[in-house]
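I opened this entry to note what I looked up in the structure. The points follow in the order I checked them.

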Amino acid sequence: RQYLVDTYAGFACAYAPACDPHDAFGAYRDLPVEAKAATHLYEVVVEGEPCWWYFDLEYARAPNPALEPQVAAEAFRQTLASFCRDKL
């Protein structure tokens, strides 16, 4: 495994807006397509430091053909807000 460590701002300045997620790291440039598809970016959360929640909302369209993405996102936001009110 290879890791790139940077601040969020440093990473954004270095790789955005022209970032190709499968070619962002020079060492991965020559890997086969299958290996590139398996790469992921992670955020290191430092104890005691602020961080942002990130939710990657996905659902299968085939079993949910009538579900509109905006409706699903709003239902999620309402559920999250209710959780925060109850638990925080």
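**Burial and overall make-up**

I began with burial: of the 88 residues of the protein chain, 6% count as buried. I note that the model is a predicted one.

For secondary structure I found three helices and zero strands. Along the sequence the pattern reads α-α-α. I also checked contacts between residues at least 6 apart in sequence, and 19% of these join residues at least 24 apart.

**Aromatic pair**

I searched for aromatic pairs and the structure holds one. The ring centres of Phe 55 and Phe 76 are 4.8 Å apart and the planes stand at 65°; edge-to-face pairs need over 60 degrees, so I logged the pair as edge-to-face. The pair links distant parts of the chain, 21 residues apart: Phe 55 lies in the loop between helix H2 (33–37) and H3, and Phe 76 lies in helix H3.

I looked up the accessibility of both partners. Phe 55 has a relative accessible area of 39% and is partly exposed. Phe 76, at 26% relative accessibility, also counts as partly exposed.

**Nonpolar patch**

Which residues make the nonpolar surface patch of about 580 Å²? I listed Trp 53, Phe 55, Leu 57, Phe 83 and Leu 88.

I followed up Phe 83, which is found in helix H3 (residues 69–87). Its relative accessibility is 42%, and I recorded Phe 83 as partly exposed.

Note on methods:
Residues are numbered from 1 along each chain as its sequence is written. This is a predicted model: local features need pLDDT of at least 70, side-chain atom pairs count only at pLDDT 80 or more; totals for chains, interfaces and linings use all residues. Side-chain values use heavy atoms; hydrogens and water are left out. Patches are made of residues with over 30% relative accessible area and no salt bridge: like charges are joined within 9 Å, nonpolar side chains (Val, Leu, Ile, Met, Phe, Trp, Tyr) within 5 Å. Accessible areas come from the Shrake-Rupley method with a 1.4 Å probe; for residues, only the protein chains shown count as cover. A salt bridge is a side-chain nitrogen of Lys or Arg within 4 Å of a carboxyl oxygen of Asp or Glu. Helices (H or I, at least four residues) and strands (E, at least two) are DSSP runs, numbered from the N terminus. Buried means under 20% relative accessible area, exposed over 50%, partly exposed in between (1.4 Å probe, protein chains only). Rings of Phe, Tyr and Trp (its six-membered ring) pair if their centres lie within 6.5 Å; planes under 30 degrees apart count as stacked, over 60 as edge-to-face and the rest as tilted. Contact means heavy atoms within 4.5 Å.
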